[in-house]
Amino acid sequence: ENDLERLTKNAEKEQYYERIEQQIQGLKTTIDLSKKNDLDTFKAQIKKILEQEIATRYTLEKGAIETSFDSDRDIIKAIEVLGNEEEYNTLLSDV
């Protein structure tokens with residue numbers, strides 16, 4: 001958006017804006033649509049980052065760590081192993 005704004009100002013300054021006005025408007029429309037879609041596209045990422053930020057602000061490092069538990073592959077796997085007695089015993093017998 002900033003680059004497009006600079007392009008628009010330079011085009012006006014150099015007096016060729018009228019020749020590229022349609023292309024600039026098309027780019028503005030594309031950027032606006034992309035921004036709207038970005039919220040949906042990156043919803044999960046944004047939500048996770050906000051959760052971590054809020055937890056960090058209220059409970060400092062401990063809260064940030066705790067909010068990462070539900071997406072931590074190692075913790076998820078550990079919970080699975082602990083919930084599966086056969087796999088748990090197999091792992092212990094290998095040690």
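The following is a conversation about a predicted model of a protein.

Biologist: What secondary structure elements does the protein have, helices or strands?

Modeller: The predicted model contains five helices and zero strands. Read from the N terminus, the order of the elements is α-α-α-α-α.

Biologist: What radius of gyration does the protein have, and what would a compact globule of 95 residues have?

Modeller: The radius of gyration of the protein is 25 Å, whereas a compact globule of 95 residues would be near 12 Å. Along the principal axes, the C-alpha atoms occupy a box of roughly 80 × 30 × 20 Å.

Biologist: How much of the protein counts as buried?

Modeller: The buried share is 12% of the 95 residues. The accessible surface amounts to about 8,500 Å², and carbon and sulfur atoms contribute 53% of that area.

Biologist: And what share of the contacts with a separation of 6 or more comes from residues 24 or more positions apart?

Modeller: That share is 14%.

Biologist: Let us turn to charges. How many positive and negative charges are there, and how far apart are their mean positions?

Modeller: There are 14 positive and 22 negative charges, and their mean positions lie 8 Å apart.

Biologist: Why would such side chains pair at all?

Modeller: Side chains of opposite charge can pair when their charged atoms come close. In this protein the count is four salt bridges.

Biologist: Which residue does arginine 6 pair with?

Modeller: The partner of arginine 6 is aspartate 3, with 2.1 Å between the closest N and O atoms. Helix H1, residues 2-13, holds both arginine 6 and aspartate 3, which are three residues apart, about one turn of the helix.

Biologist: Is aspartate 3 buried or exposed?

Modeller: Aspartate 3 counts as exposed because its relative accessibility is 55%, over the 50% limit. Arginine 6 has a relative accessible area of 48%, so it is partly exposed.

Biologist: What about lysine 48, which residue is its salt-bridge partner?

Modeller: Lysine 48 forms a salt bridge with glutamate 51, and the closest N and O atoms are 4.0 Å apart. Both residues belong to helix H3, residues 43-67, at a spacing of three residues, about one turn of the helix.

Biologist: Why does lysine 48 count as buried?

Modeller: Lysine 48 counts as buried because its relative accessibility is 18%, and the cut-off for buried is under 20%. Glutamate 51, at 32% relative accessibility, counts as partly exposed.

Biologist: Which residues does lysine 48 touch, not counting those up to four places away in sequence?

Modeller: Lysine 48 touches Thr67, Ser68, Asp70 and Ser71 once those sequence neighbours are excluded.

Biologist: How far is glutamate 51 from aspartate 38?

Modeller: The C-alpha atoms of glutamate 51 and aspartate 38 are 18 Å apart in space, while the two residues are 13 residues apart in sequence.

Biologist: Which residue forms a salt bridge with lysine 77?

Modeller: Lysine 77 pairs with glutamate 87, where the closest N and O atoms are 3.3 Å apart. This pair links distant parts of the chain, as lysine 77 is in helix H4, residues 73-83, and glutamate 87 is in helix H5, residues 85-94, ten residues apart.

Biologist: How accessible are lysine 77 and glutamate 87?

Modeller: Lysine 77 counts as partly exposed with a relative accessibility of 41%. Glutamate 87 also counts as partly exposed, with a value of 29%.

Biologist: Switching topic, where is threonine 8?

Modeller: Threonine 8 is in helix H1. Its relative accessible area is 7%, so threonine 8 is buried.

Biologist: Which residues is threonine 8 in contact with, leaving aside neighbours within four places in sequence?

Modeller: With those neighbours left aside, threonine 8 is in contact with Tyr17, Ile24 and Lys28.

Biologist: One last residue. Is arginine 73 buried or exposed?

Modeller: Arginine 73, which is found in helix H4, counts as exposed because its relative accessibility is 73%.

Biologist: How far is arginine 73 from isoleucine 49?

Modeller: Their C-alpha atoms are separated by 17 Å, with arginine 73 and isoleucine 49 lying 24 residues apart along the chain.

Definitions and conventions. Residues numbered from 1 in each chain as written. Predicted model: local features only at pLDDT ≥ 70, side-chain atom pairs only at ≥ 80, totals over all residues. Heavy atoms only, no water. Salt bridge = Lys/Arg side-chain N within 4 Å of Asp/Glu carboxyl O. Helix = DSSP H or I, 4+ residues; strand = E, 2+ residues; numbered from the N terminus. Buried < 20%, exposed > 50% of the residue type's maximum accessible area, 1.4 Å probe, protein only. Contact = heavy atoms within 4.5 Å. Rg over C-alpha atoms; globule rule 2.2 N^0.38 Å. Areas by Shrake-Rupley, 256 points an atom, 1.4 Å probe, with all protein chains shown as cover. Lys, Arg positive; Asp, Glu negative; His and termini not counted. Charge placed at Lys NZ, Arg CZ, Asp CG, Glu CD.
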